[in-house]
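Subject: Structure handover

Hi,

Here is the structure I promised to pass on. Have a look at it first, and then read on for my notes.

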Amino acid sequence: MHFRDYDTGGFYDEMFVRSGEARTGSRLLVERVEALLDGDLLRRQQAAEIALYNMGITFNVYGGEEGDEKIFPFDIIPRIIEAGEWAPIERGLAQRITALNLFIDDLYHEQKILHDKVVPEDLVKSCPAFREQCMGIDPAGGIWCHITGTDLVRDGEGVFRVLEDNLRCPSGVSYVIENRQILKRTFPHVFRASHVRPVDDYPIRLRESLQDLATHTESPTVVLLTPGAYNSAYFEHAFLAQQMGIELVEGSDLFVQDSSVFMRTTRGPQRVDVIYRRIDDDFLDPRAFRADSALGVPGIMDVFRAGRIALANAPGTGVADDKVIYAFVPEIIRYYLDEDAILPNVDTFLCWREADRKHVLANLDKLVVKPASESGGYGMLIGPHSTKEEQAEFAERIKANPRNYIAQPTLALSRAPVIVDDHFEGRHVDLRPFILHGEEPYILPGGLTRVALKKGSLVVNSSQGGGSKDTWVLEREPDNVSFVDASVMPPVTDHES
Amino acid sequence: MLSRVANSIYWMSRYLERAENVARFVDVNLHLMLDLSIESGSQWHPLVVTTGGESLFRERYAETGPTQESVLQFLIFDRENPNSIASCVRAARENARSVRQSITSEMWELLNRMHLRIRSEGFRDGALDTPYEFLADIKNSSHLFLGLTESTMSHNEAWHWARLGRLIERADQTSRIVDVKYYFVLPTLEYVGMPYDNLHWAALLKSATAYEMYRKRYQRIAPNWVTEFLILDREFPRSVRHCLIRAEESLHAITGSPIGTFLNPAEQLLGRLRSDFDFARIDEIIEHGLHEYLDNFQSRLIGVGDAIFETFMAVQPSGVGGGGSQFSGASSA
């Protein structure tokens, strides 16, 4: 397969400066792919898919039983980010999460930022993810959001912008680690010569930062709380628990007694100190939040309030990734850190503001409209791809509940080449790096590159037909290696070894 | 470890062991059929009885009755039959899936591959066409799983739960096959000394992969000796007694109490059952009726399973206040 017919189509391309001219960091990979024998690339792609299927790296499609497990589609051509491009991302994300944690802590204590009218009070108070139940709580170290998965996109000029802050239970990091395992076997020579920064130590770092949350004991019992084997992210829960060597528990495995949390074991009840919970606030504690939740642990919020259990992320962090609050993040950063935001936002119109709303309603055919508190790509309107009827329907929804809608210009998202049948085509991508916030923020070099596999589509969510790519963040420039002899190298097909 | 996890690991192991046993029964029978020129149904029927699905089979295959095709379909692929190979592998895999973090990736991937393969398109027709390959594959996969369990998993509590499940299932399966085969072989006693009879007894041994090891111990094929070997042998890994001895080891490794004592009803019942087998005599068993003996054994084994569940899986929060666990009762030696 060759890139010579590959057309960047006028978009910012992650791999090519323009058609036929690879970027510095990608040049080696392009040469390698070009040197492969006919059919070899497709064989590698198929072997990678089979490996994922056998490993059971699947997500569940809601509403079905077995047979509805799908592999998350995966494209073996990695997306490469050069060292110089990554450095400002790393700094920008650290800055952002530091400010957001200060913001959340402030909201649940003195609310200085509201009193100073930097963020409008009624926007915060009307946010469904703002939890009165968290007022006055002091999580260990003042950190509320320990694990973040921020969505970045690159616009037509090649500038990275923050699209969303996912501060609740962001998922996808297991794919980052598994994709890397597969890519190392798929392109071992290019990988070695490219000086790719490793991602494999993420579970170790995660375990350490969870362990640090327990203040009262040296050897805390840490568990991962999952909604169960039928949750769409169950694979990731099991994977992380296994990689961290901690118990994977369901709500029914836990109970509260004597102001402590216990799990039911074959040796009787055992005290739990830290919970990495992968269920939403709403379902965490039927006594504090949704009473009909069968997934959570009754009474756990009281234990949390008393400081006798650590929860990661703490409840109530969702207020800071509300899409309306998002528009204020640059001001939030300035307010707490007295710095300018390193990573820019995407321009955002708040339908809650009258002037913005008028503009949005007049330009529905050009804008992307999103509900403020949904995730997963649900309930969006993509103006240029929508019908008049859909636009009219959204206009009604916006007028009925302006607080709940924002709009952004339709970005010319950057593209990357993916394998389509027997050739390459450009597809839009985004990037979700993962950030751990223990004492200092740590940014996983890389993250999940999601690909909108449907031609022309801008929606990358797995629930909406998205796939993924491995993301290589380079330490420095790749070595000069020649692949003219590549045809005599044995093809890498043994993906079981 | 978590009670739910212990329970799932125990059942994962039991289901896979069951799948292997069904595969072995079917395989041996197919071979036997090639040697015997009698009407096939009479030879396939005992297989349905052995796996405990007789009434379900009659219900689902009323028109055809027990033919090779219907019995293979029932025992290998029928999803409605909870003891078919497909159902057992699926149940093993679902249990493994819910405890993926407690077993190793190698173990999970093997079960996942087995399951996906059985489900894959066109697989059923191929397997019915050349069942030997498929059955050998199931047996090998089960052995591979055991090897992976042995060599990739720490020999910790979870490992003992897997072992306990496997051994209890195996004891049950061996007792079933002896019971059924003995019953079906007996009417042909007029053939004593004829090659057919030898074939039958040899088939019984092969169903438990016991033929070669039996030959090393005994010179001739004799009904009482075959039965003794499969039920009371101390060393043969599929004999009922051997399974009980090893199961008891694992149960005590889980609780930490010495063998010969008990802390809970599960240990008490299993210990008593094992010691009965330690001192049993085959001539007495046959004299009092092998079928009655095995029937009684099976209900006591069910009792052991129930006691295990009550003791370890059904943990109630109310035990916390008193600061005790289910092991806090006095030891009785």
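His195 of chain A is partly exposed, because 16 other C-beta atoms lie within 10 Å, and a residue counts as exposed only at 12 or fewer and as buried at 20 or more. Before you zoom in on the details, keep in mind that this is a predicted model. His195(A) is not a glycine, yet its phi is positive, at about 55°. You'll find His195(A) in the loop that runs between α7 (188-194) and α8 of chain A.

Ser259(A) is another non-glycine residue with a positive phi, again about 55°. Ser259(A) has 12 other C-beta atoms within 10 Å, so it is classed as exposed. Its loop is the one between β11 and β12 of chain A, which takes us to the sheet these strands belong to.

That sheet is open and has 3 strands, ordered β11-β12-β13 in chain A, with antiparallel pairing. The edge positions go to β11 (254-257) and β13 (268-272) of chain A; each has a single partner strand, so one side of each has no neighbour in the sheet. From one strand to the next, the twist averages 45°. β11(A) pairs with β12 (residues 260-265) of chain A over 4 bridges, in the antiparallel sense. If you want a landmark there, Val256(A) sits opposite Val261(A) of β12(A).

His216(A) is in the loop between α8 (202-211) and β9 (222-226). Is His216(A) buried or exposed? It counts as exposed, since it has 10 C-beta neighbours inside 10 Å. His216(A) and Arg308(A) are 92 residues apart along the chain, with 8.4 Å between their C-alpha atoms. The other loop, between β15 (310-312) and α12 (323-326) of chain A, holds Asn313(A). The peptide bond that joins Ala312(A) to Asn313(A) is cis, with omega at about -10°.

Now for the domains. The assignment for chain A gives domain 1 as 16-340 + 412-488 and domain 2 as 349-409. Their C-alpha centres are 27 Å apart. Where they touch, domain 1 of chain A puts in 13 residues and domain 2 of chain A puts in 10 residues. The domain 1 side of that contact has 7 nonpolar, 4 polar and 2 charged residues.

There is another open sheet in chain A, this one with 4 strands in the order β16-β19-β17-β18 and antiparallel pairing. Here β16 (349-350) and β18 (381-382) of chain A are the edge strands, each with a single partner, so one side of each is left without a neighbour. β17 (residues 367-371) and β18(A) pair in the antiparallel sense over 2 bridges, and Val368(A) stands opposite Ile382(A) of β18(A).

Further along chain A, β20 (residues 415-420) and β21 (residues 423-432) form an antiparallel pair over 6 bridges. Pro417(A) faces Gly426(A) of β21(A) in this pair. The hairpin has 2 residues between the strands, and Asp421(A) takes a positive phi near 50° in it.

On to chain B, which has 16 helices and 0 strands. Of its 333 residues, 46% are buried. Among contacts in chain B with a separation of 6 or more, 68% are between residues 24 or more positions apart.

How do the chains meet? On one side are 25 residues of chain B, in contact with 23 residues of chain A. The elements of chain B that give two or more residues to its side are α1 (3-35) and α6 (105-119). Of these, α6(B) gives the most, with 5 residues. By class, the chain B side has 11 nonpolar, 8 polar and 6 charged residues.

Last, the core. Which residues touch the most other members of the largest nonpolar core? They are Ile9(B), Ala19(B), Ile85(B) and Ala92(B), out of 234 residues in that core. α1(B) supplies the largest share of the core, 14 residues. Leaving out neighbours within four places in sequence, Ile85(B) is in contact with Ala19(B), Val22(B), Ala23(B), Leu75(B), Ile76(B) and Ile138(B).

Cheers

Technical notes
Residues are numbered from 1 along each chain as its sequence is written. Chains are lettered from A and ligands numbered from 1 in the order in which they are written. This is a predicted model: local features need pLDDT of at least 70, side-chain atom pairs count only at pLDDT 80 or more; totals for chains, interfaces and linings use all residues. Two strands pair if DSSP finds at least two bridges between them. Axes are lines fitted to C-alpha atoms, for helices over the stretch in contact, and angles run from 0 to 180 degrees between N-to-C directions. Two residues are in contact if their C-beta atoms, placed from the backbone, lie within 7 Å. Ala, Val, Leu, Ile, Met, Phe, Trp, Tyr, Cys and Pro count as nonpolar, Asp, Glu, Lys and Arg as charged, and the others, Gly among them, as polar. Domain bounds come from an automatic or database domain assignment. A nonpolar core is a set of buried Ala, Val, Leu, Ile, Met, Phe, Trp, Tyr and Cys residues joined through C-beta atoms within 7 Å.
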